[in-house]
Amino acid sequence: AAGIRETAEAAHRALVSCGIWTRDYNPWPIRASCSLKPPKAEFPETESPLAHRARTDLREHRAYAIDAAWSTDPDDAVSAFDGFFWVHVADPAAYIEPGSEADEEACERGATLYLPEKVVPMLPERAVDMLGLGLAEESKALSFGIRLDDEGRISETRILPSIVRVSRLSYTEADLRLGSGDTLLETLDRAATARRARRMANGAIEINLPEVSIAVEKGNPRFVPIEPTRSGEIVREMMLMAGEAAAAWAIQMRVPFVYASQEGRTESGDDGQAEPALLSAEYKKRKSMRAGGFGVEPLAHRGLGLPFYSQVTSPLRRYQDLLTHQQIRRVLASQPHLDEDELARRCLIASRGAASTRQAERDSRLHWTIRYLERHPEWVSEAVVLEAREGGAWILIPEMGLECRLATRLHLEEDARIRVGLLSSSLSDLEIVMEQRP
């Protein structure tokens with residue numbers, strides 16, 4: 001009756017035009033069926049007796065939780081002693097039983113929602129305060145001890161509930177310590193180098209495109225480039241090693257488990273490993289990657305170059321990790337564990353929730369990028385041509401980590417660097433079109 005098409009995009013435009021929504025209002029999490037409120041469930045005060053097992057005291061050994069300076073939910077830390085490399089992980093599975101109110105709500109959400117303007121946790125807010133590693137003088141953890149042979153293969157795995165003492169470091173601080181001769185970081189660095197070499201020899205694919213974080217403060221978006229660091233690479237390799245070790249442990253124990261897998265690329269070609277890598281080659285490499293998935297069958301993860309892999313290092317913010325911890329905890333306590341059908345059911349529900357979360361995060365980034373461009377009509381920046389397309393090109397704007405369409409009649413070569421400014425944008429359609437500028 002109002003002459004408005006019955007589509008979400010038209011409704012968005014109408015709500016903004018009549019002032020019911022401001023242009024800052026971000027509808028995309030709700031559109032993706034994500035809750036913007038923290039979980040209703042109360043976090044348990046004490047550990048579950050069903051998963052109880054005495055904790056091993058590892059407080060005398062140094063451990064570092066290394067993350068971005070703005071991180072507020074530290075859930076893993078690294079260490080090395082007694083011939084083992086150790087990955088200590090926050091231990092919410094000691095408190096949250098499968099089927100409990102907190103567990104069911106976490107399963108539906110699938111993951112913590114990280115928006116530029118706010119963070120909506122997967123678990124009750126108190127979980128991070130209680131269990132975040134390094135937030136208190138002592139931390140409870142589920143610790144993965146891994147021994148490597150001379151070629152970087154996993155030769156022994158120990159998994160045990162523990163109590164640890166963790167120091168928090170930013171990537172910048174950790175790099176400085178590594179450069180100053182920190183013996184623990186040097187030991188971890190050597191192992192990480194060997195592990196990466198082994199994965200690359202097994203066909204792992206690395207994609208090197210600029211990463212940028214968006215933070216919104218009082219409605220004002222700010223773009224923060226994520227610079228590569230050596231300590232970041234160390235942490236990545238230690239987390240992947242823990243995931244492979246946990247998967248191998250589950251296979252050896254013959255216990256049903258949740259595995260992450262990925263098939264090989266849709267096409268082979270130049271992996272762009274030469275330095276500096278061409279951004280167009282990295283883009284094509286990413287396009288050739290098949291989607292990964294989760295299931296109860298231990299299939300290979302081709303993208304990581306691992307024969308089997310399970311996510312176990314982020315149980316405060318990813319449900320699949322919490323689910324694997326619950327299974328491990330049951331086995332360690334000699335309690336009945338979840339069967340394959342129940343694991344698969346929970347994994348499917350969580351995968352749907354996590355997919356909605358990722359969609360909301362992607363759309364919210366675009367929303368706030370458009371708002372920034374609307375507020376700065378004078379904005380001009382450098383862009384890189386990733387791919388020629390009909391009527392223009394697909395480009396990357398490194399300072400924003402933004403990929404979008406360039407409208408032009410000119411033929412542009414891949415990896416050409418050009419100056420661009422905004423031609424048009426649409427909040428309701430999340431569309432950004434650039435034009436070439438002098």
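This is a predicted model: local features need pLDDT of at least 70, side-chain atom pairs count only at pLDDT 80 or more; totals for chains, interfaces and linings use all residues.

Trainee: Which element does Asp321 lie in, and which side chain does its own side chain make a polar contact with?

Mentor: Asp321 is part of helix 9, residues 319–332. Its side chain makes a polar contact of 2.8 Å with the side chain of Arg318. Leaving out residues up to four places away in sequence, Asp321 touches Gln311, Val312, Thr313, Ser314 and Pro315.

Trainee: What else is Arg318 in contact with, leaving aside its neighbours within four places in sequence?

Mentor: Besides Gln311, the list has Gly110, Ala111, Met122 and Thr313. Take Met122 as the example: Arg318 and Met122 are 196 residues apart in sequence, yet 7.4 Å apart in space, C-alpha to C-alpha.

Trainee: On to helix packing. How do I read a pair of helices, say helix 3 and helix 9?

Mentor: Start from the general idea: an α-helix has 3.6 residues a turn, so residues three or four places apart point the same way. Here, helix 3 (residues 101–109) packs on helix 9 at an angle of about 140 degrees, with the axes 9 Å apart. That angle makes helix 3 oblique to helix 9.

Trainee: Which residues meet there?

Mentor: Asp103, Ala106 and Cys107 come from helix 3, while helix 9 supplies Tyr319, Leu322 and Gln326. By type, the contact divides into four nonpolar residues, one polar and one charged.

Trainee: And what is the angle between helix 5 and helix 7?

Mentor: Helix 5 (residues 171–179) and helix 7 (residues 230–253) pack at about 100 degrees, and their axes are 7 Å apart. So helix 5 is roughly perpendicular to helix 7. On the helix 5 side you'll find Tyr171, Ala174, Asp175 and Leu178, which meet Arg230, Ser231, Gly232, Ile234 and Val235 of helix 7. This contact splits into five nonpolar, two polar and two charged residues.

Trainee: What about helix 1: which of its residues are buried?

Mentor: In helix 1 (residues 8–17), the buried ones are Ala10, His12, Ala14 and Val16. The buried residues of this helix pack against helix 2 (28–31).

Trainee: Now strands. How do I read a pairing?

Mentor: Strands of a sheet pair through backbone hydrogen bonds, either parallel or antiparallel. Strand 3 and strand 4 (residues 84–90) are an antiparallel case, with six bridges. Phe81 has Phe84 in strand 4 as its bridge partner. The two strands form a hairpin with two residues between them.

Trainee: Why is strand 3 described as largely enclosed by the rest of the structure?

Mentor: Because five of its six residues (76–81) are buried.

Trainee: Last one: in what order do the strands of the barrel close?

Mentor: Five strands close up in the order 14-15-16-18-17, with mixed pairing. Ignoring direction, neighbouring strands of this sheet are turned by 55 degrees against each other on average. Strand 14 (residues 380–389) and strand 17 (residues 417–426) pair in the antiparallel sense over five bridges, and Val384 has Arg417 as its bridge partner in strand 17.

Trainee: Which strands does helix 8 lie across?

Mentor: Helix 8 (residues 279–287) lies across strands 14, 15, 16 and 17, at about 55 degrees to strand 14. Helix 10 (residues 340–375) packs on the sheet too, touching strands 16, 17 and 18, and its direction makes about 45 degrees with that of strand 18.

Key: Residues are numbered from 1 along each chain as its sequence is written. Side-chain values use heavy atoms; hydrogens and water are left out. Buried means under 20% relative accessible area, exposed over 50%, partly exposed in between (1.4 Å probe, protein chains only). Helices (H or I, at least four residues) and strands (E, at least two) are DSSP runs, numbered from the N terminus. Two strands pair if DSSP finds at least two bridges between them. A polar contact is a pair of N or O atoms within 3.5 Å; within protein, one must be able to donate a hydrogen and the other to accept it, and residues adjacent in sequence count only if both atoms are side-chain atoms. Contact means heavy atoms within 4.5 Å. Axes are lines fitted to C-alpha atoms, for helices over the stretch in contact, and angles run from 0 to 180 degrees between N-to-C directions. Angles under 35 degrees count as roughly parallel, over 145 as roughly antiparallel, 65 to 115 as roughly perpendicular and the rest as oblique. Ala, Val, Leu, Ile, Met, Phe, Trp, Tyr, Cys and Pro count as nonpolar, Asp, Glu, Lys and Arg as charged, and the others, Gly among them, as polar.
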